[in-house]
Amino acid sequence: MLDVLLGSLGNLISAESAAYALAAIGLGIHFGYAGLLNFGQAGFMAIGAYGFAIFTRFVDPTTQFGWPSWLSLIAAILFAVVCSVIFALILGIPTLRLRGDYLAIVTIASAEIVRFVARTQDLTEVTGGSQGIRGTDYKGDINASNPFADGGWLHWVASGPLESLSSNNGWYTFLSWVLVIVAVVLVWGLMRSPWGRVIKGIREDEDAVRSLGKNVYSYKMQALVLGGVMGAIAGILFIFPRAVQPDSFATTLTFNVWTALLLGGAATVLGPVLGGVLFWFLLSFVRGLIAELHGLGIFGTMSASQAGQLAFVAVGVALVVLVVFRPQGIMGNKKELSFHV
Amino acid sequence: MEKTLRPARWWLAIPALLAALAVALGLGAPPADATAPPSDSGSAYQFQGIVRSDPQTPIAGVVINASGPDGFAGTATTAADGRWSIPTPGPGDYTVSIDETTVPDGLEVNPAHISRDFTLGTTSSQSVLFGIGAPGSFAPAPSAGSGDGGGDDGGSESNESTSSSSSFSWSRLGQRLFTGLNFGLLLALAAIGITLIFGTTGVNNFAHGEMVTFGGFAFFLLTTTLGLPVWVAIIGVLIASGAFGWLHDAAIFKPLRRRRVGLVQVLIVTIGLSIALRYFYQFLFGGGSSTLAVDNSARISFGTFNVNVSNIVSMVVSVVILGAVAYFLTRTRIGKATRAVSDNAGLAAASGINVDRVIRIVWVIAGMLTGLSGVLYAYFIGASVRWDMGFLILLLLFASVTLGGLGSAFGALVGALIIGIVTEVSTLWLPSDLRFAVALVILILVLLVRPQGVLGRKERIG
């Protein structure tokens, strides 16, 4: 029981929860601040992940042009960001003039299109088909640019309790959380700015903002692009500790990010971070608990993987309860309710 | 002085009509022996697969290794049927490799498959395929072995559709059109369910796929577990699905209406409901697909192509039910009331229509239509059911509804037929694993030029 709790606590600051937190921050800009119903965050993440991995795998500036690995890393991230901007424009142009639920359906459909295309057999040479891309194919640059590793300029930091920073996983985790903090500061600043006030105004009353002479369509598009870029970077962080697999970017991922966002509070700066962290903690805790209970024979002859599905049943029920009884999330303010859409 | 409507008897006609049709189906297809092996995997986290050479011959004695976190190393040797599995301690990153020296002489392993990284996360059982064939057969593009190696997160839908091929012939087109029509008609049943609910309550029900799955599993339980004849099972499915729809309204959506919960919140509630139900199905029935103990082997030959009798019966049933729904909506009193509520709930209430009652009836009808669609879909994918079968077509249902125009029942029919035929016919030119993507691309293109859909009205898009 205690070891389940401790094991789950270990997940609190993992690179995965940072990726979830960053994806949730992006979704928070879409939904919490601009009121856009984006159900395709997994699509943005997939674009980011595949853009990064394919760029590193095929362009590979480190070996082709002799670039330093940190420069190739940044180039690959920029490539993924550009891809996600294009994706956001393609999504936004037909739908941002329409009612909210159209955007919901189109975004969820586009995310699935991305996944279907990524896993089709005919593109196996580029995307790896349904098997995805191996970690070794794209982790060269990121691993080589670890400043905490042996011989890195920050190696002296990685001693004592921080020793794990010199490992690849420690470096991924560090980098992920740095990016999350950058995103938090960016959102905090933006939402205090005139731009943020217009965005929030669009959420509250689109027509009122329009009557003030603002180009609502353009503002919505900017919000969609900004949140989408964060989703794409989250997708890159998501694949550092694992391999690229098309089915990990299924609709389930979008729904998990939504749950994380609503758990923390949609229209808050720190809510998505808290939600992402808590979501991973609770999920692994419930899973561990169910595994323990299964060990005691409570589920009879049922297999452990079958019993483990109850953790996701809990996610679904939690989402329902949350949205009905505390729609503003843990950190949210009831007055700034984000369900006006 | 509330004007009471006539007691609802009209809908009793639907099961009666179906029963008659199902008898025909049942006579043609008596239930086979109930010996469907549940294809569930045993261990919690594992890698598994079947090693075969190209013409599907299982290979015994091949050694497969897996290594993972905390120094985990596992090994397995394929059995006589080529099967192997390596249980692992838990989620994490693993490398799975095949020992080439144990592969029989004269065969070569696809170089891309010799050693690969996998992540066990939400997917607890990962199937790993190794492409094995004659030497040199993997030079340009690895073709074998990427069939459904993905997780069971919602990707690997099994369908009777054959693999794609670039050769075009009129007979293939005819076959695809026929299959597409069949698929479109069964989609239409469920899509009308969505659109009726959307029209009367404004709710986009993302848990609708789980209603489809519910129909499939109810049919599985009645025919395969209990061994009832098909026509009894179909009546049972209709009653159960109707009750399921009623339960949706009574337990969730009516209380939400009472609380005046916003539509976006309700939309997210349906997403939560969908997640909970879907994984509950997997909890109950496992992550694999289960074969129905029904006989669907009867075939009829039409000139150059063969069709399953069950597909023809499925189409006839769909057409009859769609006709009944059309009659209900346009001719019966309660159907007209439904359209009135759909048009303007406030006005309908003011003119004496009991809106809550109409909504309740709509949920029951939607449940029955969708449950039936689940049964037909189970036949369509080769008489099997799977925990996420409904979720896999949910987006196609939404595409149908949006294509036809949100809230328009006849639009949903048109949209579903377009989607069904497009998905199937596209496999003549495009890889079959992209056929759902094609349908979704068409949805987006239609929204670009005619956002209100084919039969929708302009003011709905707001």
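**Close-ups of a predicted two-chain model**

**View 1. Where chain A meets chain B.** The contact draws on 59 residues from chain A and 60 residues from chain B. On the side of chain A that touches chain B, six helices put in at least two residues each: α5 (69-95), α6 (100-119), α7 (124-127), α13 (251-264), α15 (304-308) and α16 (310-325). The top contributor to that side is α6(A), with 13 residues.

**View 2. α2(A) packed against α12(A).** Here we zoom in on a helix pair within chain A, α2 (residues 15-33) and α12 (residues 216-239). Their axes come within 8 Å and cross at roughly 170°, so α2(A) counts as roughly antiparallel to α12(A), the cut-off being over 145 degrees. On the α2(A) side, the residues that meet α12(A) include A:A15, A:L22, A:G26, A:H30 and A:Y33. From α12(A), the residues in this contact include A:A223, A:G227, A:M230, A:A234 and A:F238. The contact of α2(A) with α12(A) has 17 nonpolar residues, five polar and no charged.

View 3. An unreviewed UniProt entry lists "transmembrane region" for residues 39-59, 71-93, 171-191, 223-240, 260-286 and 307-325 of chain A. Pick out residues 171-191 of chain A and you'll find 100% helix and 0% strand, with the end C-alpha atoms 30 Å apart. Residues 223-240 of chain A come out at 94% helix and 0% strand, and their end C-alpha atoms lie 26 Å apart.

View 4. For chain B, the "transmembrane region" annotation from UniProt (unreviewed entry) covers residues 177-198, 228-248, 260-281, 309-329, 361-380, 392-422 and 434-453. Take residues 228-248 of chain B: the span is 90% helix and 0% strand, and 27 Å separates its end C-alpha atoms. For residues 392-422 of chain B, the end C-alpha atoms lie 17 Å apart, and the span is 87% helix and 0% strand.

**View 5. A strand pair in chain B.** Strands β4 (residues 63-67) and β5 (residues 73-77) of chain B pair in the antiparallel sense over five bridges. One of the residues to look for is B:I64, whose bridge partner in β5(B) is B:A76. Side chains alternate along β4(B): B:I64 and B:A66 point to one face and are buried.

Conventions
Residues are numbered from 1 along each chain as its sequence is written. Chains are lettered from A and ligands numbered from 1 in the order in which they are written. This is a predicted model: local features need pLDDT of at least 70, side-chain atom pairs count only at pLDDT 80 or more; totals for chains, interfaces and linings use all residues. Two residues are in contact if their C-beta atoms, placed from the backbone, lie within 7 Å. Helices (H or I, at least four residues) and strands (E, at least two) are DSSP runs, numbered from the N terminus. UniProt positions are given in the numbering used here, feature names are shortened, and annotations may be inferred rather than shown by experiment. Axes are lines fitted to C-alpha atoms, for helices over the stretch in contact, and angles run from 0 to 180 degrees between N-to-C directions. Angles under 35 degrees count as roughly parallel, over 145 as roughly antiparallel, 65 to 115 as roughly perpendicular and the rest as oblique. Ala, Val, Leu, Ile, Met, Phe, Trp, Tyr, Cys and Pro count as nonpolar, Asp, Glu, Lys and Arg as charged, and the others, Gly among them, as polar. A residue is buried if 20 or more other C-beta atoms lie within 10 Å of its own, exposed if 12 or fewer, and partly exposed in between; C-beta atoms are placed from the backbone. Two strands pair if DSSP finds at least two bridges between them.
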